[in-house]
Amino acid sequence: MVAHILKLKLRLLANGFKRSVGQLVGVIIGGVYALGMIVMLTLAAWFTAGESAIAGEVSIIVASLVVLGWAVIPPLLTGVDLTLEPSRFVHFGIPQKVLGPALVLSGFISVPAILTIVGLIGGSLTFRYDPLTLVVGIVAAIITAVMAVLVCQYLTIMATALRAKRRFREFTFAVLFLILVCLGPIISSIAMAASSLLDLVVPIANVLAYTPLGSAAALPGAIVAGNYVQFGICLVLTVIYLAGLYWLVSRATAKATVTPPPEQQAAKQSGLGFFKYAPSTPAGAVGARALTYWFKDPRYAIGVLMVPVLPLIFWFVGNQTGNFTMMFLLGPFIGILLGFSISADISYDNTAFALHVLTGVSGRADRAGRALACLTLSIIPVLAAAILPGAISGEVWRIPGDIGMSLAALLVALGVASVASARYTYAVPLPGDNPMKTPPGNGMRVALTQLATFTTMGVLLIPVIIPYLIGWFQESQGFNYLTLGIGLVLGMGLFFGGLVLGGKWYENRAPELMQAVMLNK
Amino acid sequence: MNQIALDIRGLAKQFGPKVAVDNVSLQVPSGSFYGLVGPNGAGKTTMLSMATGLLRPDAGQALVNGVDIWADPQAAKATMGVLADGVRQFDRLTGRQLVTYSGLLRGMDRDDVTTRTEDLLRVMDLSDDGDKLVVDYSAGMTKKISLATAMIHSPKLLVLDEPFEAVDPVSAANIRDILNDYVKFGGTVIVSSHVMDLVQRMCTHVAVIAGGVLKAQGSVDEVRGEMTLEDRFVDLVGGRANNEGLSWLRTSSN
């Protein structure tokens, strides 16, 4: 039975790759990249063997980071492959004694798990001078990997039970959002402390050695140091942690196989919301629907995650270099980012897009509705980002130029995105899915599409950029007003041009778009 | 008045090596209640997708009330309401918003949309759930609200792919009454279904499709002859396994 479940997992993995060639290529590129990293790590471990006095401590920290990564990233952020989640076996009546180990073992049949094991074993080569230590190191590496996968499975089962509730999903999303916003400051403070970081390695490692994160990895280091007391303690702790975790995972698995999915509390909204205020035209309806989704669907917020983060990052950079020039570029950057955010709109609709195809809504109305919804939400942040830096720094002369440049960026980005999204769709998290989850093997295609879109926006903006830069460097108010004029004319022109061209492409390709979103590609 | 509400002429679609729909032609007369039956994977949904503008056919035409849907999609779609199978709805909208959206997308007048939305919610027995998000609806409720989005513009032709799946018997009876009424006053309905009994009772015409090929079409009595529709269907499709069945699936053998 265990073998059957393992075989099932292997088959699922293989079939996942078969789904599309593009995806396979993406996975291979990602795999080669990860393998490259592992080879580098292994080489580093090989050559620093015996040379570093803190090899033991470093391997504790590396192992702890690996376990921590497995504990945090899959359950909370990316979501794990839950094809074999325990609740799917509810109907089979498999004895718990069999199902537990089978599901735990099947957790190891995944590309990241295998890479983790290989990487950790590679890292243990740092102990290659002493055969006994090397053996202990390799065993410790494997135990660490087991610990990582077990922790991940346990937390995933726990998180899945909670995540089935939409409220909780949206709540975690909000928390993550806050953390990400704070990430800039956190990283820069760590960077400032970097000089003293080396002094911290030993004490931190000493603490981690007694936690589930690093107890196994502490074993080879203890032998090298000749500290057999620590070796003994860590060995006992490792066994306890491992057994305890295994017990927790089996118990959680057992419980999940007999727990029915939780009841949902239905959300209510009385009245028509945005539909009440939007004009009674197809374009107005599309706009109202898009606006509703901007507020109700976390995937939209993820798309514009950078917008509140950008000012913080720029401000921190300015704080550290004493030069706040970057702040003046906030308006154009935010304009482009916000305008670009509608380029995955049809992909986000997924098969609900069928309603647009079936009603025969005109391409222009579809494009205009989506673009105007985004414009309605963006116009105030963009204007604020354009006006405030100039106003705060007292350089009032430059504000017209900033406004012109920023509005042009927003409008041109909306126009280009309106065209691009009528032609290119890509795999996105499904409606109601974890918004952070990226479908695998999609990277290249998305990157190419986005690069092409951004390049097009940049090229189209050149007529505004030139007077803007002249106005900036010559501190000429005349050129700034010229920028404002050109920006508004060019922006409006390309915005409406994008709607018309995008609408035309949309009408020619609506059925093909429909097929693409059905496959989510 | 066009005599043929949906005229499918030689529609064909191939996915890779698999021929999903092979040169199917069928005529759905105006004012008929037309059943489209076939086993799983027969190509019903593929064919209806091509006839409703969701999937571009490799060859062939589909004329909706005389208008070629692939030559003039907007005009053809204006007279047709479709319940597609296996597609999501904009489920972050409430039921009321979704039906309203479907009306406004078709360029209807706001007052008409408002009154018709309330009427549709009432007959679908969803008045109390109109303010709930569609994502929180059950499968049957989602089916009903999707049906409402297909009917709000009072189309001449309704194409319904598996309309009764997951719908409770009371709602199904209500929906049947609505559809019968609609046909009585000149509308045309095409439903696809696996439930032969239902098709035999409800439909005036029927087409049998299997393996992407049209096996029979005509009035229900023509197609079934002396048999029940179900027996005739199994006959046409040739699917009834005549081996011994599952001899071990007998509780008495234990």
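**Figure 1. The buried residues of helix H15 of chain A.** A:Leu330, A:Gly331, A:Pro332, A:Ile334, A:Gly335, A:Ile336, A:Leu337, A:Leu338, A:Gly339 and A:Phe340 are the buried residues of H15(A). The helix runs over residues 330-340, and with ten of its eleven residues buried it is mostly covered. Like every view in this set, this one comes from a predicted model. For orientation, chain A holds 22 helices and zero strands. Of the 521 residues in this chain, 42% are buried.

**Figure 2. H15(A) against helix H18 of chain A.** Here we stay with H15(A) and bring in a partner, H18(A), which spans residues 363-393. The two axes come within 8 Å and cross at roughly 165°. That angle makes H15(A) roughly antiparallel to H18(A), and their crossing is right-handed. On the H15(A) side, the contact is made by A:Leu330, A:Gly331, A:Ile334, A:Gly335, A:Leu338 and A:Gly339. Facing them from H18(A) are A:Cys374, A:Ser378, A:Pro381, A:Val382, A:Ala385, A:Ala386 and A:Pro389. Sorted by class, this contact has nine nonpolar and four polar residues, with no charged ones.

**Figure 3. The pairing of helices H21 and H22 in chain A.** H21(A) covers residues 462-473 and H22(A) covers residues 477-519; their axes come within 8 Å and cross at roughly 165°. This makes H21(A) roughly antiparallel to H22(A). H21(A) passes H22(A) in a left-handed crossing. From H21(A), look for A:Pro463, A:Val464, A:Pro467, A:Tyr468, A:Ile470 and A:Gly471. They meet A:Phe479, A:Asn480, A:Leu482, A:Thr483, A:Ile486, A:Gly487 and A:Leu490 of H22(A). The class count for this contact is nine nonpolar, four polar and no charged residues.

**Figure 4. Helix H19 of chain A, an enclosed helix.** H19(A) takes in residues 399-423, 25 residues in total. From its first C-alpha to its last it reaches 36 Å, close to the 36 Å expected at 1.5 Å a residue. Because 23 of its 25 residues are buried, H19(A) is largely enclosed by the rest of the structure.

**Figure 5. Where chain B touches chain A.** In this view, 35 residues of chain B are in contact with 35 residues of chain A. On the chain B side, the elements that give two or more residues are helix H2 (73-78) and H3. H3(B) supplies the largest share of that side, seven residues. By class, the chain B side divides into 14 nonpolar, ten polar and eleven charged residues.

**Figure 6. A helix pair across the two chains.** Zooming in, helix H12 of chain A (residues 282-296) packs with helix H3 of chain B (residues 95-105) at an angle of about 150°. Their axes are 8 Å apart. H12(A) and H3(B) are therefore roughly antiparallel to each other, and H12(A) passes H3(B) in a left-handed crossing. A:Pro282, A:Ala285 and A:Arg289 of H12(A) make the contact with B:Tyr101, B:Leu104 and B:Leu105 of H3(B). This contact between H12(A) and H3(B) has five nonpolar residues, no polar ones and one charged.

**Figure 7. B:Ala207 and its contacts within chain B.** B:Ala207 sits in strand E9 of chain B, which covers residues 205-210. This alanine counts as buried because it has 25 C-beta neighbours inside 10 Å. Leaving aside neighbours within four places in sequence, B:Ala207 is in contact with B:Leu26, B:Leu36, B:Leu214, B:Ala216 and B:Gln217. One of these, B:Leu26, is 181 residues away from B:Ala207 in sequence, yet the C-alpha to C-alpha separation is 8.0 Å.

Figure 8. For B:Asn23, phi is near 55°, a positive value in a residue other than glycine. B:Asn23 is found in strand E2 (residues 18-29) of chain B, and it counts as partly exposed, with 15 C-beta neighbours inside 10 Å. Phi of B:Asn65 is also positive, near 50°. B:Asn65 lies in the loop between strand E4 (59-64) and strand E5 (67-68) of chain B. With 21 other C-beta atoms within 10 Å, B:Asn65 is buried.

Note on methods: Residues numbered from 1 in each chain as written. Chains lettered and ligands numbered in written order. Predicted model: local features only at pLDDT ≥ 70, side-chain atom pairs only at ≥ 80, totals over all residues. Helix = DSSP H or I, 4+ residues; strand = E, 2+ residues; numbered from the N terminus. Buried ≥ 20, exposed ≤ 12 C-beta atoms within 10 Å, placed from the backbone. Axes fitted to C-alpha atoms, helices over the stretch in contact; angles between N-to-C directions. Parallel < 35°, antiparallel > 145°, perpendicular 65-115°, else oblique. Left-handed = near helix turned anticlockwise from the far one by under 90°. Contact = placed C-beta atoms within 7 Å. Nonpolar A, V, L, I, M, F, W, Y, C, P; charged D, E, K, R; others polar. Expected span 1.5 Å × (residues − 1).
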